[in-house]
Amino acid sequence: MQRMGIPALLLLGLSTTVAAQNVNWRVFREGPASTISVNAGLDYGVALGVAYGHRVSTRLPILVGADYSFPAGDKLTDDFKVRSGLQMEVVRAGGFSATVKAYGVFRRFENTQAVLQNFGSEFAGIAGYYTRRWFVAGEVTFDKAIITHVKHLKAATDLNPGLVTGWYIPTGGNLLTGVQTGVTLGRTDVTFKVGQAVSQDFRTKPLIPFYTQLSYGIRF
């Protein structure tokens with residue numbers, strides 16, 4: 001069952017923290033091939049997450065992995081986001097590095113009116129200056145909600161009996177732009193990112209139009 005027209009604003013509630021791992025390729029091209037990190041930040045609310053990645057031995061360095069994130073609250077399983085995919089360093093020239101990321105996304109959002117379950121995609125580009133001790137880079141991410149199942153709850157149907165539960169093909173997406181930086185100490189990485197979010201119409205913004213994230217990772 002497919003229906004058009006779910007508002008893009010509704011999709012803003014489906015996002016949780018930007019949890020994909022931030023990689024310093026200058027130290028991650030060699031040595032331990034796996035990394036795990038935990039993070040906390042602000043993204044439409046206070047959010048927490050954990051991520052795992054594994055370096056694949058190819059001509060261009062590739063990190064495949066998955067992450068799980070959720071907003072802080074009384075019921076931690078009501079809203080969550082799961083992603084899996086890869087990131088690859090496509091340009092390396094002296095201290096300059098450029099990385100592309102591609103992820104498949106599943107997320108769940110619930111409030112008193114409805115339960116939303118969404119499948120989507122996320123693509124990102126990161127470019128900046130990297131050393132073995134620190135890095136700073138800019139990032140651009142496009143988060144697209146492809147198809148969403150909306151289950152209207154009793155509180156909503158009591159007010160509007162005509163509401164229909166089913167699958168919707170939305171046209172919503174969010175564009176995130178920001179900067180990230182980090183320091184490397186042995187096998188550990190501490191990174192921080194900050195940026196802003198806007199819908200794909202470049203006009204609509206969430207109630208909190210910016211995001212932040214602090215992450216701590218260990219390579220092993």
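Me: What should I keep in mind about numbering and confidence before I start?
Reply: Residues are numbered from 1 along each chain as its sequence is written, and because the model is predicted, local features need pLDDT of at least 70 and side-chain atom pairs count only at pLDDT 80 or more, while totals for chains, interfaces and linings use all residues. Side-chain values use heavy atoms, with hydrogens and water left out.

Me: How many helices and strands does the protein chain have?
Reply: Helices (H or I, at least four residues) and strands (E, at least two) are DSSP runs, numbered from the N terminus, and here the protein chain has three helices and 12 strands.

Me: Which strands pair with strand 2, and in what sense?
Reply: Two strands pair if DSSP finds at least two bridges between them. Strand 2 (residues 34-43) is antiparallel to strand 3 (residues 46-56), with nine bridges, and nine bridges also join strand 2 to strand 12 (residues 210-219), again antiparallel. On the strand 3 side, Asn39 has Gly49 as its bridge partner, whereas on the strand 12 side Val38 has Tyr216.

Me: Which residues have a positive phi?
Reply: Most residues other than glycine have a negative phi. Here Tyr44, in the hairpin of strand 2 and strand 3 with two residues between the strands, takes a positive phi near 60 degrees, and Phe202, which is not a glycine, has a positive phi of about 65 degrees. Phe202 sits in the loop between strand 11 (188-199) and strand 12.

Me: Is Phe202 buried or exposed?
Reply: Buried means under 20% relative accessible area, exposed over 50%, and partly exposed in between (1.4 Å probe, protein chains only). Phe202 counts as exposed because its relative accessibility is 61%, while across the protein chain 46% of the 220 residues count as buried.

Me: How many salt bridges are there, and which residues does Lys81 pair with?
Reply: Side chains of opposite charge can pair when their charged atoms come close. A salt bridge is a side-chain nitrogen of Lys or Arg within 4 Å of a carboxyl oxygen of Asp or Glu, and the whole structure has 12 of them. Lys81 pairs with Glu122, the closest N and O atoms being 3.5 Å apart; Lys81 lies in strand 5 (residues 80-93) and Glu122 in strand 7 (residues 114-130), so this pair ties together parts that are 41 residues apart in sequence. Lys81 also meets Asp143 in a salt bridge (3.9 Å, N to O). Asp67, Lys81, Arg83, Arg107, Glu122 and Asp143 are linked in a network of salt bridges.
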